Amino acid sequence: VFCGVAGIFVLLIFDTKLRTKKEVSSVCKYPCLGTIRKASVPEIQAAAAVISRNTKNMEKILYAGYLKNAAMEEVTHIGILAEGKKATVSMHVWREERLQILNEKTIYDGAVIFVALQKDSVASLEMMLEDIHNLGIPIIGYIILEG
């Protein structure tokens, strides 16, 4: 029993996955723009509207998530093209496209980060935030993806 408890304790110590909104807010000091649960259409539309309001004067926006997620893709499809706004939205999966993005010369006006609870780790979020900061892209905020 003692070995079992010790094993579980060790697993919990080394598990760095982000599990709650509070954990994300402790790592990411930017505003939370919303939460999307299990690709809920109303929540996706609400997140897109919040992003639109926070990116009024921006022409090129980076959407970045460490892993590919259906809700992230849906928000990207809706984009920020509300009210006839002519903005370009680029979605990138950081795990797959990190080096490509770091090497490209595209200038973005802002970035929105997508954080998937139970999937993204503290290290992956910190790396993504640091990379985007080093590229000189202002981070607008983050969207939490549940489920």
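Modeller: In this predicted model, the bridge partner of isoleucine 113 in β5 is tyrosine 142. The chain crosses from β4 through helix α6 (residues 122-134) to β5.

Colleague: Why is this β-α-β crossover called right-handed?

Modeller: A crossover is right-handed if, with the strands pointing away from the viewer, the path from the first strand over the helix to the second runs clockwise. The crossover from β4 to β5 is right-handed. Helices (H or I, at least four residues) and strands (E, at least two) are DSSP runs, numbered from the N terminus.

Colleague: How do you know that β4 and strand β5 (residues 139-146) pair?

Modeller: Two strands pair if DSSP finds at least two bridges between them. β4 and β5 have six bridges, in the parallel sense, so they pair by this definition. Strand β2 (residues 60-65) also runs parallel to β4, joined by five bridges.

Colleague: What makes strand β4 (residues 110-116) largely enclosed?

Modeller: Buried means under 20% relative accessible area, exposed over 50%, partly exposed in between (1.4 Å probe, protein chains only). Seven of the seven residues of β4 are buried, so the rest of the structure largely encloses the strand. Gly110, Val112, Phe114 and Ala116 point one way, and Ala111, Ile113 and Val115 the other.

Colleague: Where does β4 lie in the sheet?

Modeller: The open sheet of five strands has the order β1-β5-β4-β2-β3. The edge strands, β1 (32-37) and β3 (88-93), each pair on one side only.

Methods: Residues numbered from 1 in each chain as written. Predicted model: local features only at pLDDT ≥ 70, side-chain atom pairs only at ≥ 80, totals over all residues. Heavy atoms only, no water.
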